[in-house]
Amino acid sequence: MQNMLTVVANTLKGGAKINGSRVVVSARSFADLTPQASFDIKRCDLHRLDEGPSVQTVLTREDGLRYYRTMQTVRRMELKADQLYKQKIIRGFCHLYDGQEACAVGIEAGINPTDHLITAYRVHGYTYTRGVSVKEILAELTGRKGGIAKGKGGSMHMYAKNFYGGNGIVGAQVPLGAGVALACQYQAKNEVCVTLYGDGAANQGQIFEAFNMAALWKLPCIFICENNKYGMGTSVERASASTDYYKRGDYIPGLRVDGMDVLSVREATRFAADYCRYGKGPILMELQTYRYHGHSMSDPGVSYRTRDEIQEVRGKSDPITMLKDRMISNNMASLEEIKDIDAEIRKEIEEAAQFATSDPEPPLEDLCNHIFFNDTPFEVRGTSPWVKLKSIS
Amino acid sequence: MHNSLDPRQRTQSNMAYLRSILRSGKNAVPAVLRREFHRTLQAAMQVTVRDAIKEAMDEELERDERVFLLGEEVALFEGAYKVTRGLWKKYGDKRIIDTPIAEIGFTGIAVGAAMAGLRPVVEYMSFNFSMQSVDHIINSAAKTYYMSGGLQPVSIVFRGPNGAAPGVAAQHAQCFAAWYGHVPGLKVVSPWSAEDAKGLLKSAIRDDNPVVFLENEIMYGVPFEMSEESQSKDFLIPIGKAKIERKGNHVTLVSHSHVVSRCMDAAAVLAKDGIECEVINLRTIRPMDMEAIETSVLKTKHLITVEGGWPQFGVGGEILARIMEGPGFGYLNAPAVRVTGVDIPMPYAKLLEENTLPQIKDIVFSVKKMLNV
């Protein structure tokens, strides 16, 4: 397939970027598929910025398929988590990300794996895009030893390299993210930290404290507000005196982005990363997005918004459908190919769920471990003075 | 009882009092209880802890115009745990206020309103989130009456679920009884039953001082029988008085909140082996009813405190210290002991979580170990 693409590319070399709308749909064979196309994306609203991200972006077939695969994997993984929760195999808190996939995937596409990222509790999608397997995520949700946190953290406490969770206290992740950015600046490796928070968290005081210090010290921090219109059961109008979240960094430049379009998110993230990577200071992005599920699995999500609204977003703005339609109508992918990818993903999720339901729980010997790092083993008091347990780093 | 006497005299007179009760017949106390039970049976009803809390707030909102409720999702959403269901529909925006997610901000606002004469009830979706607000609870509410030399009281209630709940993991499962219990100027209440919840919350709202009211999510849905008396709009339980939930002669178990249920279950198990536990439901953490504990220890000579919180510097630690310093120590036949949560952050996996809180078998084991059986 690679060779065929090279042939096609060579044939088309010398020509300008292909205008997506003028490509003729031909017979279905990979040789006829378009290797890349240029797409118009929505202009961003800007705050204290003279210019914003480009309104046109080039998408390669390879990237497109990768974004599709990643978004669809997150979608299916979340729906599987929903199922497992209803079967009571997942317990406690479970905040699902379906509907918002373009944000996690677009952001990851705009930064490097060596950059850093931190978010709040709606975290399964980011855990995946930051490199943790579906298997380890689902097994953490089911509380098994094969989970990414060995079963000890649960839904909101998943971590990976350059990924700092997974935070249960609303807003707390924002100063933490600014701190990671401080470390980036300190270690001078031109890395940035993406610090995410929601429309509900946007009213937390500690966020403004973090804004001030990040701006004062020019920290390489990309603050991103994922505005999905509702903070638990409270709509943005009822919680915020100003719903222009991209302006609320005040002295920090901001942009408001269509968070349902993975290409818009990617372009904006690239722009933001360029801005703050080389010493200009922090920048703020507001992603306008939507969650299909309620706030958590214990919220049906229809007491404070209408089913019509949810249906409308699904029908008109679903991020996965949008990308798929774009690629197919520009002959960048075939329906069969997409179906094959879907089938592969379904299989991957099923296998991961199998693992997550059959892997054993963490052993009792692990109960008191991981209290301190790099420390000598010590005794931990159990439920009574006669029960002495052991803690190993 | 005879509070004006010095400790030794008080002990002796309490002993005499106890002896007189016991002398009146082994079955005197149970018979009295039985008679009361039959009398109230017709009018008693089953009420969940959640509904009892709501009833308390409803009645106090109706009784006093100055009382109002604020917190996240308390109005339209009817409460994250549905405790405030129906209140916003009944009382409207002025009395039931939805706040943004800004704990220290709205706590400060509530304390300010209390300083100016209103009587706010602040709901925390979890006391774990109150950690953000601790500065205002302590520095603006607890200490102010003292710092002002008696000029500025702060009549406010901080309430919400505290401690463990199934599957909520480390950041959402901490028990704050010891943290708040540490602070002079605060009253700290930890109800167990529906009756506790209703009577104590009403007292808390009517109290002119800052009260931290520690509920528990596990107990919200548990129904209890509420006597006709406890259904009255003026039913109050005094803050600072413990309740003996189960009488016994062999060992005193002192507990609070959802763990009282485990103590009652453990007592039932031990009764089969002929060991009769006296279960004390503390009801209030500060001021603590040491008299009730000492009176019980005089009788049983064995003391075990049982709590869900961490052992170090905990509620049990305080009780044991006071027993050491007071008359109770002289009556113990064995060193008093604490049964507590394990000294680790709360794990998520079910097997680990279950082994982090004191189970019935842990209480039974501790009793038998202490009694050498």
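What is the handedness of the crossing in which H3(A) passes H9(A)? H3(A) passes H9(A) in a right-handed crossing, the near helix being turned clockwise from the far one by less than a right angle. The model is predicted, with local features requiring pLDDT of at least 70 and side-chain atom pairs pLDDT 80 or more, whereas totals for chains, interfaces and linings use all residues. Residues are numbered from 1 along each chain, chains are lettered from A, and side-chain values use heavy atoms, without hydrogens and water.

**View 1. Packing of helix H3 (residues 101–110) of chain A on helix H9 (residues 262–277) of chain A.** The axes (lines fitted to C-alpha atoms over the stretch in contact) lie 7 Å apart at an angle of about 40°. Contacts (heavy atoms within 4.5 Å) involve residues including Ile107(A) of H3(A) and Val265(A) of H9(A).

**View 2. Helix H3 (residues 49–63) of chain B beside helix H9 (residues 194–206) of chain B.** The two axes come within 8 Å and cross at roughly 30°, which makes H3(B) roughly parallel to H9(B). The crossing of H3(B) and H9(B) is right-handed. Among the residues that meet are Met57(B) in H3(B) and Leu201(B) in H9(B).

**View 3. Domains of chain A.** The domain assignment (automatic or from a database) gives domain 1 (1–32), domain 2 (34–358) and domain 3 (364–393). The centres of domain 1 and domain 2 of chain A, taken over C-alpha atoms, are separated by 32 Å.

Conventions: Axes fitted to C-alpha atoms, helices over the stretch in contact; angles between N-to-C directions. Helix = DSSP H or I, 4+ residues; strand = E, 2+ residues; numbered from the N terminus. Parallel < 35°, antiparallel > 145°, perpendicular 65-115°, else oblique.
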